[in-house]
Each structure stands twice: as structure tokens, then as C-alpha cells.
Amino acid sequence: MHELSIALSIIEGVEEEIARRPGARVTAVHLNVGPLSGVVKDALLFSYGLACEGTSLEGSRLKIEEIPIVLYCPVCRQERSAHSMQRLCCTVCDTPSAEIRRGSELEVSALELSSVGADL
Amino acid sequence: MSASPRLVEVRQKVLKRNDLLARELRQRFQAAGVYVVSLVSSPGSGKTALLEKTLSLVRPNARVAALVGDLATDNDAVRLRRSMALVRQITTGTVCHLDAEMVEKALADWNLADLDLLFIENVGNLVCPSSYDLGENLRAVLMSVTEGEDKPLKYPTIFNTADLAIITKADLAQAVEFDWDAARQNINAVRPGMEVIALSSKTGEGMDRWTEWLLDAARRPFRCK
Ligand SMILES: Nc1nc2c(ncn2[C@@H]2O[C@H](COP(=O)(O)OP(=O)(O)OP(=O)(O)O)[C@@H](O)[C@H]2O)c(=O)[nH]1
Ligand SMILES: [Mg+2]
Ligand SMILES: [Zn+2]
């Protein structure tokens, strides 16, 4: 269970970001999560709620977008989706590939802000 | 008074602080000429046993040190100190993994230039350590034959972030009817092409391949993540 550490890191990063935008309040945080990030969605949602308490993000929502695994297939010579995390093979020709192009993401992609009057 | 919410795009890695610190560590390791190997596995797979054996085998050929992560005790550090001088315990308390900051702090007063090889034993856990780059050059994931062949499929992320798989406790393989082919297939399915080494820290079988591999890897140019 390291989702609490992850949630704290999200909050830290977002607070840094909004420090540059006086008057803005965060109502939602958009997060891209790939299956290979090692983060469990439900555990993270739960931890996020807890971690936000008493911070400027209290009451904000975490919106998680799950990013599918994409790998480079050396046979097709292009990016392809993978069967699954348990079978990192091209879905077209079944060639195994360790060249992962997407699916390890753990990043904040956007913030929903409501202004309290001032300029954003 | 409040306007409708607006969407602001940001692109920010959640673990960027850890990633940056890990990159700095990797640069320091490279500048000092020390090769850093981390070991991850579930609790009890044999990380400390492998380190005890490895340290005594490579010591004549290399200057080695170890950092050992543990939730609560310093038992592993005590075990390792028997085989060598430089061992430091990192007690993580309730944290289930090491991160780059813990490694940096633990190394603070060490002169890295005096070392050729540094091992980092992570907290026994097949889930959480996968997300945290420690600045290591090589991450080895251990699975013991007594855990069953399907561990890679159950914990694909940790295997996926590793560079080498080590199957430990080979001396017990027969007793538990360990299926070597299935294990190798499962490792290959979650991390195509990853090297697999089988060994026993008890009998020493397979240890020569591992230490050769290690000393050879330490001599190769550093990889940059
Ligand atoms: N038969 C046999 N037993 C082993 C071998 N390696 C380790 N063991 C035993 O397995 C148990 C756990 O080994 P450790 O080295 O402490 O495992 P660990 O991964 O460091 O454990 P944690 O640090 O608690 O996660 C001990 O009782 C070891 O003696 C081996 O190669 N063969
Ligand atoms: Mg140990
Ligand atoms: Zn293909």
C-alpha cells in the first residue's frame, strides 16, 4: 500500500502548481495512470480523500484516466497495443516486446480550477 | 462570485521529485565509478542470504557496500556485517518501500569513490518498490522456488521494472516440484527478453554465474535511464 505516499506526492505537486495562481481553488485533479505504474486505482482514490483533509485541496476530486499499454512491435515496426500486463505481446502479430511506449504513466495532466475573483 | 471551473493543462509526473533525486544519485554513482544493484522481492525470498553469500564471494575482487531497508529491525544489517565492513540499515518505519531520498541520506557520509559495487536491499514487498527509482544501475527481482511459478503474473509491475530475475532457493526446487519452464515463460511474458539466473545461496549452485554476471555488468559502461 504505497498509494498514500502517491496521494501525498500528488497534493504536493498540485500545491506547487497553484501557488503560482493566486486566488485559484482546485476542484478536481486529472491523473493519467498506466497499469505498469504499479498504482491501484481504488486504493489511490481512497487515499487521496484522506490525504486532502486539512489541505487546500480538501473537497477536490481525483479523476483518473487509465492509459492502456502501448509497445513498439519490432515485427510490425510500429506502435501496437499489448495483450495485457501479463502478456506483453503485440495484439496484431503476437511478438513479445519489452519496448514500452505507454502504460507506465503516473502524471497529473490537468487541474480544474475555480477562481475566487482574481486573475488566473 | 466564483466563475465556472476552468481546465488548466499541466503535465507533471507525480514522482518527479523522486525521479530527479534518483537521476542525481545515478550521476553521482557514475562520477564515483560505483555500480549500484538493488534487490527486490517478497518478504523472505532470500535477499539477505544472497547478499551475505555475494559479498563474501566478490570481496576479493571488488570494494563493496550495502544498504538494507527494513520496516522495523536491523537484523539483516547485523547478518551482513559479519561478511563485510560497510553496511548501513535504513529503517523505514511504516513505509513499505525505499525511495531516493532515503538512499541519499543513508549515503551522506560515505565516500563513494572508495567503492566498486553498492547493493541496496529493498523492503520485502513485491508491489510498492516498483514505482520508486533509487538511482540504481540494475534492479534485480528475486523469486524463490517455494513461492510458486506464477509470481511474475501476479506481480507484473515489479518484474517489468526489473533488469534481471533471480530464482532463489534452487536447492528446494525438487521438494516443491518447481516447474522451471513455466517460471521462465511467466517471467518472459511480463518482461520479454529479461535474463534469468537460478541459484541457491545455501548450496552455492548458480552463484558463479551470478557473480560473473555482476562483475561483468559493473565493468560495462553505465546505462542511463
Ligand atoms: N534452502 C534455502 N533457504 C534459503 C536460501 N536463501 C534463503 N533461505 C532461507 O530463507 C529465509 C529468508 O531468507 P532471507 O535472506 O532473510 O530473506 P529476505 O528476502 O532477506 O527477507 P526480508 O528481508 O525479510 O524480506 C531464511 O530462513 C533463509 O535461511 C536458499 O538458497 N536455500
Ligand atoms: Mg532481508
Ligand atoms: Zn506486431
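Modeller: In this predicted model, strand S7 of chain B, made up of residues 164-168, pairs with S8(B) in the parallel sense, and four bridges join the two. One of the residue pairs concerned is Ile167(B), whose bridge partner in S8(B) is Ala198(B). The two strands belong to an open sheet of seven strands in chain B, which runs in the order S4-S3-S5-S2-S6-S7-S8 with parallel pairing. Strand S4 (87-91) and strand S8 (195-198) of chain B stand at the edges of this sheet, and because each has a single partner strand, one side of each is left without a neighbour there. From one strand to the next, the twist averages 20 degrees. Helix H2 of chain B, residues 47-58, packs on the sheet; the strands of chain B that this helix touches are S2 (35-40), S3 (64-70), S5 (117-121), S6 (138-144) and S7. The direction of H2(B) makes about 170 degrees with that of S5(B).

As for what holds the strands of such an arrangement together, strands of a sheet pair through backbone hydrogen bonds, either parallel or antiparallel. In the sheet of chain B described here, the pairing is parallel, and the bridges between S7(B) and S8(B) are an instance of that parallel sense, with S8(B) standing at an edge.

Technical notes:
Residues are numbered from 1 along each chain as its sequence is written. Chains are lettered from A and ligands numbered from 1 in the order in which they are written. This is a predicted model: local features need pLDDT of at least 70, side-chain atom pairs count only at pLDDT 80 or more; totals for chains, interfaces and linings use all residues. Side-chain values use heavy atoms; hydrogens and water are left out. Two strands pair if DSSP finds at least two bridges between them. Axes are lines fitted to C-alpha atoms, for helices over the stretch in contact, and angles run from 0 to 180 degrees between N-to-C directions. Contact means heavy atoms within 4.5 Å.
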